[in-house]
Structure formats: C-alpha cells, structure tokens
Amino acid sequence: MAEQTQGAVPLSAVIADAATGVALALRGEGGPYALSGILRHNDALTPAAVRVLGADALAPYAMEHRGAPVGPEDEAVVRQALAAYPPGADASEVSRWTYRGLVEASHAFLPAGAQPWPAPPEAATGWVDSTPWPKLSHRVSQLAALALPKLAPGLAEQLTARTDDLSRGFVRAVRRRDWLQAAGLGRWLARLPDVAPTLGLDSGLAFVRQMGGADPRVALHVVAAQRFYGRGW
Amino acid sequence: MTGGRGDPGLLDRMVRGSLGWLDEARGFFRLPPNVTTDADPNLTLKPLGELAELTQLIGVLHPRDEIRQAARGLFAFAWNETRDGELFAELIHGEPFATYPVELYGTFAQAGLRHADADALVQTTTRLRGWRVAREDHTRTLNVLNAERRLGLRQHADFASVLALTGLGRLPEPWTLDRKSVYGVTHDVFHLTDWGRNRQRLSPEFAGYLRLWLPSWLDTWLEEEMWDLVGELLAVTACLPAAPFDPVAWQRLATAQAADGSVPEIGAAPSSGDPAEAFLACYHSTLVTAFAATLARIACDEAEAGPVAGDPALVGGRTPCESENAP
Amino acid sequence: MVTDRTAPVETATLAAEVEGLLEPAEADGVYRDTRECTSALLFLGLLLISPPTPRPKTDNR
C-alpha cells in the first residue's frame with residue numbers, strides 16, 4: 001500500500017470504499033448506481049480514486065439492466081480523472097492500459113456529452129507474447145478492470161493465446177495467498193473462452209472470495225466475473 | 001516451460017556429482033546391528049531403501065556407462081547391507097503385517113535378487129485377508145501393489161481402482177495442492193510409471209493435467225527452495241511424453257547442488273559441520289536429483305532421436321474433460 | 001471544475017501515489033501448509049517406509 005501523508009483519509013481507503021460500492025451495484029444491491037454516490041464530490045482524492053479504479057468506476061453502467069440513467073456529475077468526475085492523471089511519455093504498460101480502459105469505458109458506457117471524450121491512447125500488446133508467465137500474470141491482474149464487456153477486445157484476443165499461462169498464474173497466486181492477484185487473474189480468465197476445466201475456475205473464484213474478500217477489490221473482481229461472465233458461482 | 005532438448009552436459013554433471021557424494025556417504029547408509037529391533041527405520045531402512053530403488057534405476061537406464069557403473073556399485077552395496085536379503089526374512093518375521101519390509105524387498109526383487117526365507121514368508125503374509133484391508137494412504141498402497149508385482153505375488157487390490165482415489169487420480173484443482181498433496185501426486189506418477197520405467201502408463205488425461213500445472217507447482221516450490229520437491233517435480237516432468245525441459249528450474253537446482261555433489265532438502269545445507277546431520281539433510285534430495293536428472297537425460301535423448309513411436313495421443317497436450325461450466 | 005489553490009500540489013503528490021497503486025510490486029508469497037495432526041510424517045515418508053510400526057519387544061528389554 002502506498003503511504004498517505006496528507007489528510008485524514010488515505011487514498012487506499014477511498015478506493016476501498018468505492019470498490020465496495022461498485023461491487024454492491026454489480027450485485028444489484030444498494031439502489032441505482034452513481035459514481036457521485038460512492039465518491040465525494042469536490043474531494044481531491046476522488047479523481048485519483050477514479051483513475052486507480054479505472055474502468056471499474058463505470059462497471060455498473062455496463063450491466064444490461066441498470067436502474068437509473070448516468071448522472072452528469074459522473075461525467076465530470078471521469079473527465080477530471082482523465083485530465084489529472086494521464087500516463088506520461090515514459091509511463092508503464094499498466095499505466096497506459098488502465099488509462100485506456102477508463103477512456104474506453106467512458107466511450108462505451110457513458111452518453112456522448114457536449115464535449116468529445118479523449119481518444120484512447122496507444123497501448124502496446126507486444127509484451128503479452130514475450131513476457132514470462134509469472135510476470136505476465138502479475139501484470140494482467142493489474143489490468144483486471146479491463147475485463148469488462150466491450151473493452152480492450154484486442155488485448156483480450158492476445159491474452160487468449162496465453163490462457164494456460166494465466167491459469168498457471170492463478171494457481172501460483174492462490175498458492176502464494178496473493179488474493180488480489182488471483183482475483184484479477186480469475187476475472188480475466190472468466191472472460192477468456194478456453195480455460196482448462198481442471199483449473200476449477202468457478203470454485204477457484206469462490207475460494208478466493210472467501211479467503212481474500214476482506215479486500216473490497218478482491219470482492220469486486222469476483223463479483224465482476226460473476227456478473228459479466230457467469231463464472232465463480 | 002519450453003520444449004527443447006535439454007542440457008545433457010548439465011544433467012550428467014548433476015548425476016555424477018550426486019552419485020559421488022552418495023558414494024562418499026556409504027558409511028551413513030550402513031545398517032546398525034539393531035536395525036530389525038529398536039533402530040528408527042526412518043533413519044536406517046528408509047535411506048537404504050531409497051538408495052536401492054533409485055540407484056537400481058540409474059544403473060539400468062542411464063545412457064552413460066560410467067554413470068551406470070557407479071550406480072550399480074551403490075546398488076550392490078545396498079544389497080550387501082541387507083545381507084543378501086536375510087534382513088527381509090528377519091524384518092518380516094518380526095513385523096509380519098508391516099508393508100515396508102515387503103516394499104523394500106520388492107526393490108531388490110525387481111533386479112532378480114531374492115532370498116528364499118523372505119519369499120516363503122511373504123507368500124504366507126500377503127495372502128491373508130488382513131493384508132487386503134485398505135490402507136489409509138492410497139498413494140502408499142500403490143507402492144505396496146508394485147512390490148507385490150515385483151515379487152511375483154498376486155496384487156491385493158486393483159491398481160487402477162486405487163489410483164483413482166489418489167491425488168493424481170482425482171485431478172484436484174491445481175491451486176489446492178499443498179506440500180503433502182503435491183508429494184502425493186509426484187509419487188502417484190512414480191508408482192504408476194514404475195519410477196519412469198513405463199512412462200506410457202501415464203494416460204493422456206493425466207499427462208495433459210500434469211503438463212498444464214507442473215510449471216506453476218515448480219515455480220512456487222522453487223521459491224520455497226524445497227529442493228527435493230523441485231527434483232521430484234522435475235522427475236515427473238521428465239515422465240511426460242515429449243517431455244518439456246525447464247532450463248531455469250534445472251539451473252536453480254544445479255545451483256543448489258554443492259561442490260561436493262550434495263543437494264540440501266530445503267534452502268541451504270546445514271553449516272554445523274556435523275557429517276551425520278549433513279547426511280540426513282541431504283541424502284534424500286541428492287538421490288532425487290540423480291534420479292530426476294537421469295529421467296530428464298533419457299528424455300533429452302528421445303528428443304534428439306525424434307518423436308517416440310507409439311500412440312500419438314500420448315503426445316497430446318490438454319485433453320478434453322467434462323466442462324465444469326454452470327449451465 | 002471545482003478546485004482550490006492547493007489542488008496542483010496535491011495532484012502532483014497524488015500522481016505518484018496513483019501510479020504506485022496502479023502497479024504495486026508483487027507481494028512475497030505466504031506459504032502455509034496443512035498441519036498434520038498425526039505424527040510428523042516427514043515428506044520422505046511417502047517414498048518407502050510405513051508410519052512407525054509397533055516394534056517387537058526385544059529379549060534384552
């Protein structure tokens with residue numbers, strides 16, 4: 001966890017609360033979803049939290065039957081996050097891809113406003129083929145928020161070729177009791193079409209939820225795998 | 001894990017190093033006078049039994065003659081320690097319902113080494129209904145069944161039925177295996193394949209399962225530096241059709257092997273300077289290293305020679321399996 | 001956008017924190033194995049030898 005030096009509430013706690021709210025919405029509980037309902041308006045931490053949550057900040061809008069329309073405050077918060085935390089010229093693949101995920105989610109799930117959304121930044125996929133499976137798995141788990149319908153189709157296609165390796169990463173992560181990594185990988189595996197049945201992905205996701213669900217982001221990944229890909233029940 | 005032909009030079013150096021250390025350690029394998037009474041079998045018979053089982057295999061299967069000769073020397077030493085099998089007659093006489101004397105004796109019997117009194121005893125004890133009572137550890141039962149086969153006895157249970165109850169037979173979720181259960185899976189493979197002698201007995205389903213999940217098990221136990229388990233997992237890997245060769249794992253194991261050829265059980269070898277302690281900490285992993293490197297060496301030669309003739313289905317990767325997808 | 005004068009400074013500080021949260025280093029593995037309630041069946045126990053069997057009484061005991 002990163003250190004938080006200022007303010008009473010650390011960023012990680014704000015993110016955890018927001019993740020809880022997103023997971024609740026994905027389970028169809030807690031009333032109509034609005035970003036403004038889970039993050040405080042005018043809080044300097046809000047755009048940062050949205051940037052870290054990435055596409056997951058808008059995940060409830062990807063559900064087919066959602067309750068209420070998207071409020072205008074949500075659009076403003078996302079624009080704030082995109083403006084404040086763009087990936088720099090030397091940004092990592094994870095930074096680029098998570099940013100891209102938030103942009104893509106805005107395109108896909110938010111109504112086109114008066115202003116156009118920024119174009120998704122270029123993000124490479126060469127590393128998908130060339131990275132050894134343990135490192136690949138760790139990185140892909142950090143991109144768990146992109147495992148949402150309609151997002152990053154090219155990345156999903158590339159990852160399909162590494163399904164077995166990501167499955168090995170899931171085994172490794174559970175064995176290491178790295179529940180967040182396991183949940184993120186399990187969520188991606190839920191999206192990929194050809195996961196080996198012997199992995200036991202459904203019971204694996206349920207197990208990770210039980211073991212690591214105290215971390216709201218773990219719960220969020222498992223709920224997303226259930227909601228959007230029908231795995232982990 | 002990559003395919004490829006492996007590194008025969010490295011593998012041979014590792015076997016030579018291991019056998020050299022084991023040869024120097026003969027004194028610690030010697031059985032004490034009280035071996036059939038109150039000595040701890042785990043500190044006396046077990047080391048000698050492992051030495052016999054694995055040097056017998058290396059002495060027959062290793063492609064290099066000088067390595068086979070070294071292994072045969074150790075195997076002959078082990079038989080000599082049993083006083084040409086008289087030990088087994090004494091052990092069975094003392095503990096007629098224990099399986100371990102029969103299992104140990106089977107190791108020598110497969111090489112044609114027999115003792116008439118021991119044979120007469122096992123004929124009687126292994127046909128008892130009491131012998132056929134299920135044992136709590138199915139993996140262990142597989143070893144008993146193999147011993148019966150090696151001794152020419154009727155097997156007391158159906159091998160396939162017992163295998164179906166084991167950690168391999170159940171194809172457990174690969175993320176559920178802990179140390180004990182992964183040891184179980186490796187030994188299920190060793191018993192099923194007779195320590196790699198009959199690798200074709202590994203069904204395509206089991207081979208596909210192992211090929212898929214061995215890399216993740218190797219990774220975590222490499223991280224834990226449990227070298228005997230790393231060696232056993234590498235030995236299982238070498239039992240697969242068109243066996244993959246993991247250069248990183250082999251290099252790590254090679255690095256764990258000390259200059260004197262010993263391989264510690266876990267982490268680094270004890271540094272107390274007590275040779276007896278060093279023996280107990282290293283003999284098992286050192287034997288396993290020689291065994292694994294021998295199987296991997298054989299796999300190298302097969303890769304060199306091209307695909308093995310036989311059922312192409314054996315070379316397959318992932319195998320179809322009932323989907324667990326919820327409808 | 002609603003901002004105040006401290007916002008640029010905070011954003012700069014937060015940017016590093018955001019990057020850290022997006023891409024934390026992998027935690028060390030936590031390995032814990034099932035405990036055995038029976039006698040310490042050492043891993044090698046699987047190889048050949050039975051769990052300790054009752055030893056026959058010897059004459060000199």
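Me: Before I ask about loops, what counts as a helix or a strand here?
Reply: Helices are DSSP runs of H or I with at least four residues, strands are runs of E with at least two, and both are numbered from the N terminus. Please keep in mind that this is a predicted model.

Me: OK, so where does A:M63 lie?
Reply: A:M63 is found in the loop of chain A that runs between helix 3 (45–53) and helix 4 (72–84).

Me: And why does A:M63 count as partly exposed?
Reply: A residue needs 20 or more other C-beta atoms within 10 Å to be called buried and 12 or fewer to be called exposed, and A:M63 counts as partly exposed because it has 16 C-beta neighbours inside 10 Å.

Me: How many residues along the chain lie between A:M63 and A:R227, and what separates their C-alpha atoms?
Reply: They are 164 residues apart along the chain, while their C-alpha atoms are separated by 8.0 Å.

Me: Which domains is chain A divided into?
Reply: Chain A is split into domain 1, covering 1–124, and domain 2, covering 125–233. Taken over C-alpha atoms, the centres of these two domains of chain A are separated by 20 Å, and the contact involves 23 residues from domain 1 and 21 residues from domain 2.

Me: Which helix gives the most on the domain 1 side?
Reply: Helix 1 (11–26) and helix 5 (93–109) of chain A each supply at least two residues of the side of domain 1 that touches domain 2, and helix 5 of chain A gives the most, with eight residues. By class, that side of domain 1 of chain A has 15 nonpolar, four polar and four charged residues.

Me: What about helix 1 of chain B, which residues are buried?
Reply: The buried residues of helix 1 of chain B are B:L11, B:M14, B:V15, B:G17, B:S18, B:L19, B:W21 and B:L22, and they pack against helix 3 (45–61), helix 4 (65–81), helix 13 (247–256) and helix 14 (275–305) of chain B.

Me: Last one, how many helices and strands are there in chain C?
Reply: Chain C has one helix and zero strands, and buried residues make up 21% of the 61 residues in chain C.

Technical notes. Residues numbered from 1 in each chain as written. Chains lettered and ligands numbered in written order. Predicted model: local features only at pLDDT ≥ 70, side-chain atom pairs only at ≥ 80, totals over all residues. Domains from an automatic or database assignment. Contact = placed C-beta atoms within 7 Å. Nonpolar A, V, L, I, M, F, W, Y, C, P; charged D, E, K, R; others polar.
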